[in-house]
Amino acid sequence: MDRRDDSCCSAGGGGGASLVGELVGDVVMWRRGDVSACLLAATVSGWLLFGSGGYTFLSLASNVLLLLLTVLFLWAKAARLLNRPEPPIPEMCVSQQVVNEVAALLHSGMNTVFSVFHDIALGKDSVLFYQVFLSLWIISIIGSLTDFTTLCYTSIVAVLTIPALYQKYEECIDRYIRFAYLNLQMYEMVYERFSAKCFHRARDLVIEVLKEP
């Protein structure tokens, strides 16, 4: 493959990744409300079913596929015997474009992760190291409090609700955040003055005790 082919592949991969990223952004921000609503409903239903229903994903998927294949098989056999139309099953296949888009997205994400790991391992970016360290530490704490399945369901629900709600009520949320930040600064100043006053009193008390014979 020559350079022109490589450049075409790179351009196609970049376009596929951009299309996938645009689709994800539309779903997260509810610009495609039907897809977002279905994904949120499926996530909540799966959470309730697998979390409290006593099922596992593997057993449920196997039972559903077993029932579906049995019904379709018997339907097709009966249709042939009775000269009736067969079940309307469309031809299922994955297009090459979808495969290219998913591969381009995985390729970009893995390269980003490897680049970050390389920079941290060689000590090139201290700020990035502290950010990744803090993120992994928080993930470790959250992982010790809950299981991986619940964490995945919670993350999906948060991604599908928090950005959309923030965009809708941005002004109100920003106003409360500014109010909370001002109160936090005020409490911090009060705490600093109180701690400084206590420190000075304790220091004076220690000095008086040391001066006594």
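Buried, in these notes, means under 20% relative accessible area. I'm working from a predicted model, so everything below is computed.

**Entry 1: Ser 36**

I started with Ser 36. Is Ser 36 buried or exposed? Its relative accessible area comes out at 0%, and since the cut-off for buried is under 20%, Ser 36 goes down as buried. I then checked where Ser 36 sits, and found it in helix H2, which runs over residues 33-52. Next I asked myself which residues Ser 36 is in contact with, once neighbours within four places in sequence are left aside. I noted four names: Asp 26, Val 27, Trp 30 and Leu 160.

**Entry 2: Leu 60**

Leu 60 was next on my list. I placed Leu 60 in helix H3, residues 57-81. Its relative accessible area is 23%, so I put Leu 60 down as partly exposed. For contacts, I again left aside neighbours within four places in sequence, and Leu 60 gave me Leu 49 and Phe 50. I also looked up the spacing of Leu 60 and Leu 49: they are 11 residues apart in sequence, and C-alpha to C-alpha they lie 9.6 Å apart in space.

**Entry 3: the aromatics**

How many aromatic pairs does the structure hold? I got two. One of them is Phe 129 with Phe 133. A pair of aromatic rings is described by the distance of the centres and the angle of the planes, so I wrote down both values. For Phe 129 and Phe 133 these are 6.0 Å centre to centre and 35° between the planes, and the pair is tilted.

Where do these two residues lie? Both Phe 129 and Phe 133 are in helix H5 (residues 126-145), and they are four residues apart, about one turn of the helix. I looked up accessibility for each. Phe 129 is at 37% relative accessibility, so it counts as partly exposed. Phe 133 has a relative accessible area of 52%, and because exposed means over 50%, I logged Phe 133 as exposed.

**Entry 4: the chain overall**

I finished with the totals. The chain has seven helices and zero strands, and I read its pattern along the sequence as α-α-α-α-α-α-α. Of the 213 residues in the chain, 10% are buried, and Ser 36 is one of the buried residues. The accessible surface comes to about 17,800 Å², with 69% of that belonging to carbon and sulfur atoms. Last, I took the contacts between residues at least 6 apart in sequence: 46% of them join residues at least 24 apart.

Terms used:
Residues numbered from 1 in each chain as written. Predicted model: local features only at pLDDT ≥ 70, side-chain atom pairs only at ≥ 80, totals over all residues. Heavy atoms only, no water. Buried < 20%, exposed > 50% of the residue type's maximum accessible area, 1.4 Å probe, protein only. Contact = heavy atoms within 4.5 Å. Phe/Tyr/Trp six-rings, centres within 6.5 Å; stacked < 30°, edge-to-face > 60°. Areas by Shrake-Rupley, 256 points an atom, 1.4 Å probe, with all protein chains shown as cover.
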